[in-house]
Amino acid sequence: MPSGTKIAFLARHGKGHTISPTDVPSRANISALKSLGVKAILAFSAVGSLREEIAPGHFILPSQVIDRTKGVRPVSFFEGTSIVAHAAFGDPFSTKLVAWLESRVRQVLGEEGGGVKLHTGKTIICMEGPQFSTRAESVMYRTWGADLINMSVLPESKLAREAELGYGCLSQVLSLLSLTLPPITKVRSHRYRDRL
């Protein structure tokens, strides 16, 4: 960066986006970032929206997560060891990092966003893929207070917490997961990422 801050980039889904969310080697990825001296992680994520007001193309900095990954992914560095450890996870995203990101994302969208909105304080459901939820599940998730669905934020955020790394997630809605109407609508836009 112009400030001299070094950045490490890791494509969680591998070169060419060939690794499914269930098979992403999250423990190895977080461990590799920690070994490089990384202090905070900014994850990018494509999400489906459960709320009409969070439209395709909009960005989100979520503040909470609900785990629906069904326990098939390794979720701790302590699994299979003789170490018993507990990590606080009430606030899964670093509030300091998210506040820093929010000001910068709002600035970029204000200058070049063309009406694209940034939503904050939202809850993301992380579920097993590759399929998204049924309409009935989507309705249930909304009653739980969920706003978005994704497949990558867990176990990343939990592992980052165990590794004592700040973690924030900038998500972009690519589809509105229809609750009452026929098939989903999609958007493919990544032009803002280069500005952040």
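This is a predicted model: local features need pLDDT of at least 70, side-chain atom pairs count only at pLDDT 80 or more; totals for chains, interfaces and linings use all residues.
**Exercise 1. Helix packing**

Task: Describe how helix α1 packs on helix α4: which angle, which distance, which handedness and which residues?

Solution: 
- Two packed helices are described by the angle between their axes and the distance between the axes.
- Locate the elements. Helix α1 spans residues 26-35, and helix α4 spans residues 153-162.
- Read the geometry. The two axes come within 9 Å and cross at roughly 40°.
- The crossing of α1 and α4 is right-handed.
- List the contacts. From α1 come S26, R27 and I30. From α4 come P155, E156, L159 and A160.
- Sort them by class. The α1 contact with α4 has 4 nonpolar, 1 polar and 2 charged residues.

**Exercise 2. P155 in its surroundings**

Task: Is P155 buried or exposed, and which residues does P155 touch beyond four places in sequence?

Solution: 
- P155 lies in helix α4.
- Check accessibility. Buried means under 20% relative accessible area. P155 has 4% relative accessibility, so P155 counts as buried.
- Collect the contacts. Leaving out residues up to four places away in sequence, P155 touches S26, R73, P74 and V75. S26 belongs to the α1 side of the helix contact.
- Look along the chain. V72 is 83 residues apart from P155, and their C-alpha atoms are separated by 10 Å.

**Exercise 3. An aromatic pair**

Task: How are the rings of Y141 and W144 arranged, and how accessible are Y141 and W144?

Solution: 
- Count the pairs. The structure holds 2 aromatic pairs. Y141 and W144 form an aromatic pair.
- Read the geometry. The Y141 and W144 centres are 5.5 Å apart, with 55° between the planes.
- Classify. Planes under 30 degrees apart count as stacked and over 60 as edge-to-face. The Y141 and W144 pair is tilted.
- Compare accessibility. Y141 has a relative accessible area of 1% and is buried. W144 has 42% and is partly exposed.

**Exercise 4. A charged residue in a loop**

Task: Where is D147 found, is D147 buried or exposed, and what does D147 touch?

Solution: 
- D147 sits in the loop between α3 (135-143) and β6 (148-150).
- Check accessibility. D147 has 9% relative accessibility, so D147 counts as buried.
- Collect the contacts. Beyond four places in sequence, D147 touches G48, S49, L50, R51, I54, K122 and T123.

Technical notes:
Residues are numbered from 1 along each chain as its sequence is written. Side-chain values use heavy atoms; hydrogens and water are left out. Rings of Phe, Tyr and Trp (its six-membered ring) pair if their centres lie within 6.5 Å; planes under 30 degrees apart count as stacked, over 60 as edge-to-face and the rest as tilted. Buried means under 20% relative accessible area, exposed over 50%, partly exposed in between (1.4 Å probe, protein chains only). Axes are lines fitted to C-alpha atoms, for helices over the stretch in contact, and angles run from 0 to 180 degrees between N-to-C directions. Helices (H or I, at least four residues) and strands (E, at least two) are DSSP runs, numbered from the N terminus. A crossing is left-handed if the near helix is turned anticlockwise from the far one by less than a right angle, and right-handed if clockwise. Contact means heavy atoms within 4.5 Å. Ala, Val, Leu, Ile, Met, Phe, Trp, Tyr, Cys and Pro count as nonpolar, Asp, Glu, Lys and Arg as charged, and the others, Gly among them, as polar.
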